[in-house]
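Subject: Structure handover

Hello,

Here is the structure you will be taking over. Please have it open while you read the notes that follow.

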Amino acid sequence: MLGTQIRPARPDDVERIGRFLSGLSLQTRTLRFFTGFSRPAASMVRTLLALDERRDALVATLDGEIIGHAMSYRGGTADVEIAVVVTDQWQGLGLGPRLIDTLLLRAAVRGATTVGMDVLGENRRALRMIRRQWPDATMKVASGSVEVTAMINRTPVFAE
């Protein structure tokens with residue numbers, strides 16, 4: 001993870017996020033967005049970079065290029081719903097959990113106590129990570145995806 005940086009998404013990330021999305025494998029795009037696409041739509045790029053009172057977005061960068069993205073949205077079945085994707089070359093190296101920890105720390109500071117996420121049932125790597133991070137998480141299978149709800153561990157918030 002040497003040289004990687006996690007920071008809030010910025011409006012000037014439009015081209016970088018476009019390159020990042022285009023560089024994801026079809027499998028990774030499908031696991032994250034529940035559909036494959038050849039070129040990301042401008043509206044998708046704007047959504048991934050949106051920051052406001054209900055939405056947060058982080059990017060992981062290496063040498064100025066985006067290698068990971070995490071976003072949260074307040075509302076839904078939990079206080080905050082999250083989604084994360086890491087470029088294929090960086091998967092399995094701990095970058096996804098780092099993005100999640102940073103995103104949830106920011107959400108907890110704003111008062112969130114529960115986290116939710118929808119994960120495709122075939123996304124075994126994500127489901128294993130969820131079971132490790134949140135052994136008490138509630139998981140419901142619905143239409144091929146797994147709806148996950150868990151408590152946010154507030155210990156890191158107080159340690160900061």
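A salt bridge here is a side-chain nitrogen of Lys or Arg within 4 Å of a carboxyl oxygen of Asp or Glu. Please note that the model is a predicted one.

Salt bridges

The whole structure has 9 salt bridges. In one of them, Asp-56 pairs with Arg-110, with 3.4 Å between the closest N and O atoms. This pair links distant parts of the chain: Asp-56 lies in strand β2 (residues 55-62), while Arg-110 sits in the loop between α4 (95-109) and β5 (114-120), 54 residues apart. Asp-56 counts as buried because its relative accessibility is 3%, and buried means under 20%.

There is also a network of salt bridges that links Arg-7, Arg-10, Asp-12, Asp-13 and Arg-16. Asp-12 pairs with Arg-10, the closest N and O atoms being 2.9 Å apart, and Asp-12 also meets Arg-16 at 3.5 Å, N to O. Arg-10 is partly exposed at 35% relative accessibility, as is Asp-12 at 46%, whereas Arg-16 is buried at 18%.

Aromatic pair

The structure contains 1 aromatic pair. The ring centres of Phe-33 and Phe-37 are 5.5 Å apart and their planes are at 70°, so the pair is edge-to-face. Phe-33 is buried, at 16% relative accessibility, and Phe-37 is buried with a relative accessible area of 13%.

Surface charge

Arg-124, Arg-125, Arg-128, Arg-131 and Arg-132 form a positive surface patch. Arg-125 belongs to helix α5 (residues 124-133) and is partly exposed, with a relative accessible area of 46%.

Regards

Note on methods: Residues numbered from 1 in each chain as written. Predicted model: local features only at pLDDT ≥ 70, side-chain atom pairs only at ≥ 80, totals over all residues. Heavy atoms only, no water. Patch = residues over 30% accessible without salt bridge, like charges linked within 9 Å, V, L, I, M, F, W, Y side chains within 5 Å. Areas by Shrake-Rupley, 256 points an atom, 1.4 Å probe, with all protein chains shown as cover. Lys, Arg positive; Asp, Glu negative; His and termini not counted. Charge placed at Lys NZ, Arg CZ, Asp CG, Glu CD. Helix = DSSP H or I, 4+ residues; strand = E, 2+ residues; numbered from the N terminus. Buried < 20%, exposed > 50% of the residue type's maximum accessible area, 1.4 Å probe, protein only. Phe/Tyr/Trp six-rings, centres within 6.5 Å; stacked < 30°, edge-to-face > 60°.
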